[in-house]
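Please walk through this predicted model with the structure open beside the text.

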Amino acid sequence: MTSLPPVTSLATANDETIKSVLDLLFEPSEDLHVLAIPAIHDSPFFASYTALIEHVGALMFQLAQSSSSPDARAKLHGILGSHPRLGEKKVDSAQSRAEQAHLNAPGSSGDKEEEAAKLKALNEEYEARFPGLRYVVFVNGRSRPVVMQNMRERIDRGDIRAEEQEAIQAMIDIALDRAEKLQTAS
């Protein structure tokens, strides 16, 4: 699926259709499927993809609030960890590939290699600092140095609860942007 069905059809759609929509908007995540699909079926209907995405975001924020439970934290981290690492060579999601493409913008190959090595080291440091999480940010055209500065600040802050909140908000922002692009393309 490379386009979105009418959002009003989701309340009665089969689980595979809803999974495909969630995978396009967020990233493939079994934990997100388990969290969101029953809630989508239980809702009478969503008037817009914005409403759907905000509803799924609210579910993730609720999960973060109950994250004193090891099961809830594992589910939340499974969802947040579904995003590919920034700067990775192999990115499965076409949406993530497109969103990260400008991070590999033209520059001298030496500069690109040095920045790629720094980004790889930051990803490793981030994941060591916040076990179970991946750095998630709505890149939205920002340059690699700006994104890496944000990553450094978040690592230095060292607050996993704040990190969970930022990652959830980033996933919502990314999903809203994807929905707009996918609806425009259809």
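Where does Asn140 lie? Asn140 sits in the loop between helix H6 (109-129) and helix H7 (144-157). Its backbone deserves a look. Most residues other than glycine have a negative phi. Asn140 is not a glycine, yet its phi is positive, at about 45°. Asn140 counts as exposed, because its relative accessibility is 56% and the cut-off for exposed is over 50%.

Two packed helices are described by the angle between their axes and the distance between the axes. Take helix H1 (residues 15-25) and helix H3 (residues 49-65). Their axes come within 12 Å and cross at roughly 85°. H1 is therefore roughly perpendicular to H3, a label that covers angles of 65 to 115 degrees. On the H1 side, the contact is made by Val21, Leu22 and Leu25. On the H3 side, Tyr49, Leu52, Ile53 and Val56 take part. The contact of H1 with H3 comprises seven nonpolar residues, no polar ones and no charged ones.

H1 also packs with helix H2 (residues 30-42). Here the angle is about 120°, and the axes are 10 Å apart. That makes H1 oblique to H2. The crossing of H1 and H2 is right-handed. H1 brings Asp15, Ile18, Lys19, Leu22 and Asp23 to this contact. H2 answers with Leu32, His33, Ala36, Ile37, Ile40 and His41. The residues of the contact of H1 with H2 divide into six nonpolar, two polar and three charged. Leu22 of H1 takes part in the contact with H3 and in the contact with H2.

Next come the charged pairs. Side chains of opposite charge can pair when their charged atoms come close. How many salt bridges does the structure hold? There are 15 salt bridges. One of them joins Glu27 to Arg178, with the closest N and O atoms 2.7 Å apart. This pair links distant parts of the chain. Glu27 is in the loop between H1 and H2, while Arg178 belongs to helix H8 (residues 160-185). The two are 151 residues apart. Both Glu27 and Arg178 are buried.

Where is His83 found? The loop between helix H4 (70-80) and helix H5 (94-100) holds His83. His83 counts as buried, because its relative accessibility is 6% and buried means under 20%.

Finish at Glu163. Arg154 forms a salt bridge with Glu163, and the closest N and O atoms are 2.5 Å apart. Arg154 and Glu163 are buried. Arg157 forms a salt bridge with Glu163 as well, with the closest N and O atoms at 2.8 Å. Is Glu163 buried or exposed? At 0% relative accessibility, Glu163 counts as buried. Arg157 has a relative accessible area of 37%, so it is partly exposed. Salt bridges with shared partners join Arg154, Arg157, Glu163 and Glu166 into one network.

Definitions and conventions
Residues numbered from 1 in each chain as written. Predicted model: local features only at pLDDT ≥ 70, side-chain atom pairs only at ≥ 80, totals over all residues. Heavy atoms only, no water. Axes fitted to C-alpha atoms, helices over the stretch in contact; angles between N-to-C directions. Helix = DSSP H or I, 4+ residues; strand = E, 2+ residues; numbered from the N terminus. Parallel < 35°, antiparallel > 145°, perpendicular 65-115°, else oblique. Contact = heavy atoms within 4.5 Å. Nonpolar A, V, L, I, M, F, W, Y, C, P; charged D, E, K, R; others polar. Left-handed = near helix turned anticlockwise from the far one by under 90°. Buried < 20%, exposed > 50% of the residue type's maximum accessible area, 1.4 Å probe, protein only. Salt bridge = Lys/Arg side-chain N within 4 Å of Asp/Glu carboxyl O.
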